[in-house]
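Please find below my notes on this entry.

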Amino acid sequence: QVQLVESGGGLVQAGGSLRLSCVASGSIFSINAMGWYRQAPGKQRELVAHIISGGSANYADSVKGRFTISRDNAKNTVYLHMSSLEPEDTAVYYCNANVRLGPSGYYTLYWGQGIQVTVSS
């Protein structure tokens, strides 16, 4: 019913920048929150950044000042601009969205398939 597709990942040198995008599509009535998580090899998935429909955002301490999350509500899209990238940022990045399918429905959390970001030293 709802699909999230990430794009913009890849290989970048330390100190460089990347912008990830995630588009939600399907039978969407509204989205109240969207976010980015990441999972490095051998580690648990962790929150990177989270943004609600009004624009308020929060970040993991490890990315504050380097990453910026934003969203385009009209396009059901969330972005993650990453700068001053470090090898420790290497991970699979996943977006999620808390979606309501109808005016009287409840919210359900959907996930994208993930996209690789690799930062070389």
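1. The structure, a predicted model, holds five salt bridges. In one of them the side chains of Arg-38 and Asp-89 meet, N to O, at 2.9 Å. Arg-38 belongs to strand S4 (residues 30-39) and Asp-89 to the loop between S8 and S9, so this contact ties together parts that are 51 residues apart in sequence.

2. Asp-89 also meets Arg-66 in a salt bridge, at 2.8 Å from N to O. Arg-66 sits in the loop between strand S6 (57-59) and strand S7 (67-72), so here the parts tied together are 23 residues apart in sequence. Salt bridges with shared partners join Arg-38, Glu-46, Arg-66, Glu-86 and Asp-89 into one network.

3. On burial: Arg-38 has 5% relative accessibility and counts as buried. Asp-89, with a relative accessible area of 1%, is buried, and Arg-66 is buried too.

4. Lys-64 forms a salt bridge with Asp-61, with 3.1 Å between the closest N and O atoms. Asp-61 is exposed, at a relative accessible area of 65%.

5. A search of the whole structure finds one disulfide. The disulfide joins Cys-22 to Cys-95, S to S 1.9 Å, and links strand S3 (residues 18-26) with strand S9 (residues 91-100), the two cysteines being 73 residues apart. The torsion about the S-S bond is about 45°, so the disulfide is right-handed. Both Cys-22 and Cys-95 are buried.

6. Strand S3 pairs with S1 (residues 2-7) in the antiparallel sense over six bridges, and Glu-6 stands opposite Cys-22. Six bridges also join S3 to strand S8 (residues 77-82), again antiparallel; there Val-23 stands opposite Thr-77.

Note on methods:
Residues numbered from 1 in each chain as written. Predicted model: local features only at pLDDT ≥ 70, side-chain atom pairs only at ≥ 80, totals over all residues. Heavy atoms only, no water. Disulfide = S-S within 2.5 Å. Helix = DSSP H or I, 4+ residues; strand = E, 2+ residues; numbered from the N terminus. Buried < 20%, exposed > 50% of the residue type's maximum accessible area, 1.4 Å probe, protein only. Pairing = 2+ DSSP bridges. Salt bridge = Lys/Arg side-chain N within 4 Å of Asp/Glu carboxyl O.
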